[in-house]
Amino acid sequence: MKLWNNYHTPHSIDEALTLLNQYQGKARVVAGGTDLMVELREGHRPVQDALIDITMIPELTTLAPTDDEIYIGAGVTHTQLVKSPLLAALATCLVESCGVVGGPQVRNVGTLGGNVAHALPAGDGTTSLVALDAQADIVMDGQRRVVPILEMYRGPGQSLIDSTHDLIIGFRFALCAEREATAFKRIMRPQGVALPILGCATWVRLNPAKTHFEATRLSIAPIGPTPARATEVEAVLTGQPANDATIESAIDTAVKILKPRTSKYRATGEYRREMIAVLLRRTLQLAVQRAQTGQAVPEGIGIE
Ligand SMILES: Cc1cc2nc3c(=O)[nH]c(=O)nc-3n(C[C@H](O)[C@H](O)[C@H](O)COP(=O)(O)OP(=O)(O)OC[C@H]3O[C@@H](n4cnc5c(N)ncnc54)[C@H](O)[C@@H]3O)c2cc1C
């Protein structure tokens with residue numbers, strides 16, 4: 001059975017938007033297709049009049065530093081991200097999260113924009129973009145806008161944007177400076193279910209003496225229907241010594257206030273709660289060590 005009638009590969013944002021406009025909601029953006037093709041094949045989406053492939057649009061496939069920020073086009077693949085030495089050193093959590101998405105075949109075509117547009121609260125790329133406090137460049141209702149990453153989600157699988165009309169162009173965030181570092185870890189079932197039991201990305205900034213937490217951003221998912229920062233846990237860390245005692249008190253708070261739900265495919269809420277402690281401990285210790293030494297080598301990423 002045909003899953004779409006026409007396939008377009010526009011070479012500019014304007015061309016892509018014109019095509020989406022012409023099809024009046026009956027065409028859909030496709031990037032790597034690793035989520036979309038499964039949905040079309042399983043009948044979760046109707047047969048499309050057209051698919052609009054965004055992977056030939058230069059602005060969507062660029063990965064470039066701009067001053068102290070980095071810009072990542074929405075069509076950049078997980079593999080491209082993992083191979084960037086700049087990201088490995090200065091946005092390590094993103095490399096660690098994109099480096100464990102699926103297997104090599106999925107990472108070679110699956111994109112960061114697709115991960116965000118699919119809008120699942122535990123998308124691995126999403127989890128790290130939240131810790132990095134990323135902004136998304138989008139075109140929505142014909143207007144170009146910049147929105148904080150957390151505003152991109154409306155519910156499980158529900159994005160702020162409508163991929164039959166709108167586009168994610170790319171993401172930007174500040175790279176880690178001196179005294180800052182990140183880390184990502186996740187717990188995953190081995191048999192290749194597409195999302196983790198739990199993922200955790202951590203960003204820390206230490207004080208000038210590198211002895212205390214000056215600021216942190218913690219992204220643990222899935223906890224609720226949309227991604228979120230664990231701000232009450234962050235508050236426990238701020239201004240405190242960057243040591244195991246502080247980390248344990250942050251974990252105590254996290255385990256008390258965060259209430260992950262039970263998923264019949266992945267794990268019970270109770271197990272996930274226990275794993276919050278494990279992942280927070282590992283990522284905070286690692287991020288502190290990276291910030292103190294100024295050395296960050298991504299761990300656990302898939303080999304191509
Ligand atoms: C076997 C397998 C394993 C997987 N493992 C993981 C995993 O471990 N962790 C994880 O997080 N995910 C996993 N996934 C899910 C998927 O691979 C990722 O979410 C991937 O990043 C999706 O990107 P894509 O380019 O393939 O998106 P697509 O499938 O092309 O698109 C997904 C959705 O986003 C929309 N879209 C895509 N790009 C844009 C854009 N620029 N603007 C507007 N809308 C857009 C599409 O219309 C569609 O609705 C797995 C998938 C498979 C099949």
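In this predicted model, V30 stands opposite D53 in β3. Strands here (E, at least two residues) and helices (H or I, at least four residues) are DSSP runs, numbered from the N terminus. Residues are numbered from 1 along each chain as its sequence is written. Because the model is predicted, local features need pLDDT of at least 70 and side-chain atom pairs count only at pLDDT 80 or more, while totals for chains, interfaces and linings use all residues.

Strand β3 (residues 48-53) pairs with β2 in the parallel sense over four bridges; two strands pair if DSSP finds at least two bridges between them. Both belong to an open sheet of three strands, ordered β1-β3-β2 with parallel pairing. Since β1 (4-8) and β2 stand at the edges with a single partner strand each, one side of each is left without a neighbour in the sheet. On average, neighbouring strands of this sheet are turned by 25° against each other, direction ignored. Such angles run from 0 to 180 degrees between N-to-C directions, with axes fitted as lines to C-alpha atoms, for helices over the stretch in contact.

Helix α1 (residues 13-23) lies across β1, β2 and β3 and runs at about 170° to β3. Contact requires C-beta atoms, placed from the backbone, within 7 Å.

The ligand is surrounded by 32 residues, the closest being A31, G32, G102, G114 and A117; a residue is near a molecule if its C-beta atom, placed from the backbone, lies within 6 Å of it. Elements giving two or more residues to this shell include β2 (27-30) and α7 (112-118), and α7 gives the most, with five residues.

How values were computed. Two residues are in contact if their C-beta atoms, placed from the backbone, lie within 7 Å.
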